[in-house]
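Hi everyone, thanks for making time. Let me put the sequence and the structure up on the screen, and then I'll walk you through what I found.

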Amino acid sequence: MLRIAVPNKGSLHEAAVQMLRESGYKVNRRGRELVLVDNLNDVELFLLRPRDIAVYVGKGTIQVGITGRDLLLDSAAPAVEFQQLGFAKSKFRFAAPAGKMSKLSDIEGKRVASSYDYLVEQFLEKEGVNAEVVHLDGAVESSIQLGVADVIADVVETGSTLRAAGLEVFGPVLLQSEAILIGREEYRDDPQVKVLQRRLDGVMRAHANVLVDYNVHERDMAAAVGVAPGFESPTISPLADSSWLAVRVVVPRGDINRVMDELYDVGARGILVTELSASRL
């Protein structure tokens, strides 16, 4: 039975659960269960603290897990990244009181507060910067005002929390983070893990694309296919009027309005767009 670790709370939880549900796994909690069994898919799902997931996976007691890249690297666990999952994207940055620091060398000899002390220590060592890393659990924005640190290093999404505390980011990006699927190297080719990855990839591709149906006169067919060629090629079917054709094609979600405009311009009509929930492309 494949064991999958899933974040039990925080920004990773809801998106991870939704993605697994759309991938066909049973992730329904009736109460406060910490272990969910999906007999149909031969899977057990363990709801764990996001920060602990890499530790459990690294020890091999759970084959794979969903966590953040930042949490994996900070754990120093012997687990590796299997797959990017496309949500919970963020940057890991240094921040200090506005106008106080502007470059990495300004950190030399200073105190840096972070909940990710191992990650920060590794980065500073690699860059040749000597600084004292102060470990704090939870929010670190108040540590400078309270005299515990001179600089903080933390995950930044919009930056609004930092600005509210009178801080601004500076220096290089320590890490580009997002939700990832992790596991020990020996599980990379496990058949159940491969199925899980294929399903997750199908959901991501479905979210990134839409299905477009339209009718077009046969004389305009080549021009329409030029606008939206699809992955391999469009599906084309004859209509009752043999001079018209029905076309179905997959189009990247971000391009859909431009594609619809261009299809209309070359003679396509009855253009309809359908959301995709899963795929194997």
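Let me start with a definition: two strands pair if DSSP finds at least two bridges between them. Helices here are DSSP runs of H or I with at least four residues, strands are E runs of at least two, and both are numbered from the N terminus.

Please keep in mind that this is a predicted model, where local features need pLDDT of at least 70, side-chain atom pairs count only at pLDDT 80 or more, and totals for chains, interfaces and linings use all residues. Residues are numbered from 1 along each chain as its sequence is written, and side-chain values use heavy atoms, with hydrogens and water left out.

With pairing in hand, look at strand 12 (209-217). Strand 12 and strand 14 (244-252) run antiparallel and are joined by 9 bridges. Asn209 stands opposite Pro252 of strand 14. Strand 12 also pairs with strand 15 (269-275), again antiparallel, over 5 bridges, and there Asn215 has Arg269 as its bridge partner.

How many residues of strand 12 are buried? The count is 8 of its 9, where buried means under 20% relative accessible area, exposed means over 50%, and partly exposed is in between (1.4 Å probe, protein chains only).

Now to helix 8 (residues 256-265). Its buried residues are Ile256, Val259 and Leu263. They sit on the same side of helix 8 because they cover an arc of only 60° around the axis; the arc is that of the directions from the helix axis to the C-beta atoms. Asn257 and Asp265, on the other side, are exposed. The cover over the buried residues includes strand 12, helix 7 (221-227), strand 14 and strand 15. After helix 8 comes Gly267, with a positive phi near 115°.

A quick stop at Ser243, in the loop between strand 13 (235-238) and strand 14. Is Ser243 buried or exposed? Ser243 counts as buried because its relative accessibility is 18%. Its side chain makes a polar contact of 2.8 Å with that of Asp241. By polar contact I mean a pair of N or O atoms within 3.5 Å; within protein, one must be able to donate a hydrogen and the other to accept it, and residues adjacent in sequence count only if both atoms are side-chain atoms. Setting aside neighbours within four places in sequence, Ser243 is in contact (heavy atoms within 4.5 Å) with Val216, His217 and Glu218.

What does the record say about this stretch? An unreviewed UniProt entry annotates residues 206-277 as "domain: Histidine biosynthesis HisG C-terminal"; such annotations may be inferred rather than shown by experiment. Over residues 206-277 the chain is 28% helix and 40% strand.

Let's move to helix 2 (residues 50-59). Pro50, Ile53, Ala54, Val57 and Gly58 are its buried residues. They fall within an arc of 120° seen down the axis, so they line one face of helix 2. Their packing partners are strand 1 (2-7), helix 1, strand 3 (43-48), strand 4 (64-68), helix 3 (69-75) and strand 11 (179-183).

Last, the cores. A nonpolar core is a set of buried Ala, Val, Leu, Ile, Met, Phe, Trp, Tyr and Cys residues joined through side-chain atoms within 4.5 Å. The largest has 45 residues, with Leu20, Phe94, Val120 and Leu196 making the most contacts inside it. Helix 1 (residues 11-22) gives the most to this core, 5 residues. Apart from it lies another core of 17 residues, including Val212, Val227, Val251 and Ala268.
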